[in-house]
Amino acid sequence: VTLKHGDREVKCFVGFPEVKTKATAVVLIHEIFGLTDWVRGMVDQMAEAGYIAIAPDFLSGTGPNGGGSESLGGPDGARGKIQSLPQAQIDADLDAAVAHVRNLPACNGKVVVGGFCWGGGKTFLYATHNSDIRAGLVFYGSAAKDEDMPKISAPIYGFYGSNDARINAGIPAATTAMKAAGKFYEPVTYEGAGHGFMRAGEDPAGSESNRKARQEAWTRIKAILAKL
């Protein structure tokens, strides 16, 4: 689908579950590599698990002739563009995606936001912007600034690999700051897993630790969404 806000158009990939009742929706924020086939696969897997899922392409309009992630020549091209995206634009893209899925006839009105790596950090940050999301699922992403944490309303669930020192270095401070702000933050670290284990854990040739972490994370995701 193409979502519009102001004069901007955002391409999104959407998946629907095969269920009789209205479903919770999950907005997925892609990695630094843009809207890839892997992210589309995550949308499909969320739908298979019983949830509406949508993944916006935040790089919409940044490529040649107004193209998005697919027009940037692969991961390096996406990485080169993504760091220059204005935060206000990212928030507006997410606002549009949240509103779109919340208003779908198939949605029960509950919307969760989750993201991976770059998207994990943006998930934490978006929770400071939108008080109406039901939860934030932060996969190996950095935390929001301490001074912004009081703005968070949704519970934040963190998913981290033990072999990811750069990201994990920030977990203790985030835990302290979220507690001081009176907010819910539940980080879980999966032993032996590395950065990006949700992607790496799908690889048949990948490590057993990444595969195990991915399986355990999926179990946790479903438990979190089931109790909203």
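**View 1. Strand β2 (residues 8-15) teams up with β4 in the antiparallel sense, over four bridges.** Two strands count as paired here if DSSP finds at least two bridges between them. Glycine 15 sits across from alanine 53 in β4. The names come from DSSP runs numbered from the N terminus: helices are H or I runs of at least four residues, and strands are E runs of at least two. Keep in mind that this is a predicted model, where local features need pLDDT of at least 70, side-chain atom pairs count only at pLDDT 80 or more, and totals for chains, interfaces and linings use all residues. Residues are numbered from 1 along each chain as its sequence is written, and side-chain values use heavy atoms, with hydrogens and water left out.

**View 2. Strand β3 (residues 23-29) pairs with β4 in the parallel sense, over three bridges.** Here alanine 25 stands opposite isoleucine 52 in β4. To get from β3 to β4, the chain passes through helix α1 (residues 37-48), and this β-α-β crossover is right-handed. That means that, with the strands pointing away from the viewer, the path from the first strand over the helix to the second runs clockwise.

**View 3. Strand β4 (residues 52-56) is mostly covered, with five of its five residues buried.** Buried means under 20% relative accessible area, exposed means over 50%, and partly exposed is in between (1.4 Å probe, protein chains only). Ile52, Ile54 and Pro56 point one way, while Ala53 and Ala55 point the other. In a regular strand, side chains alternate between the two faces of the sheet.

**View 4. Glycine 170 lies in the loop between α5 (165-168) and α6 (171-180).** Glycine 170 counts as partly exposed because its relative accessibility is 35%. Glycine 141 is 29 residues away from glycine 170 in sequence and 9.6 Å away in space, C-alpha to C-alpha.
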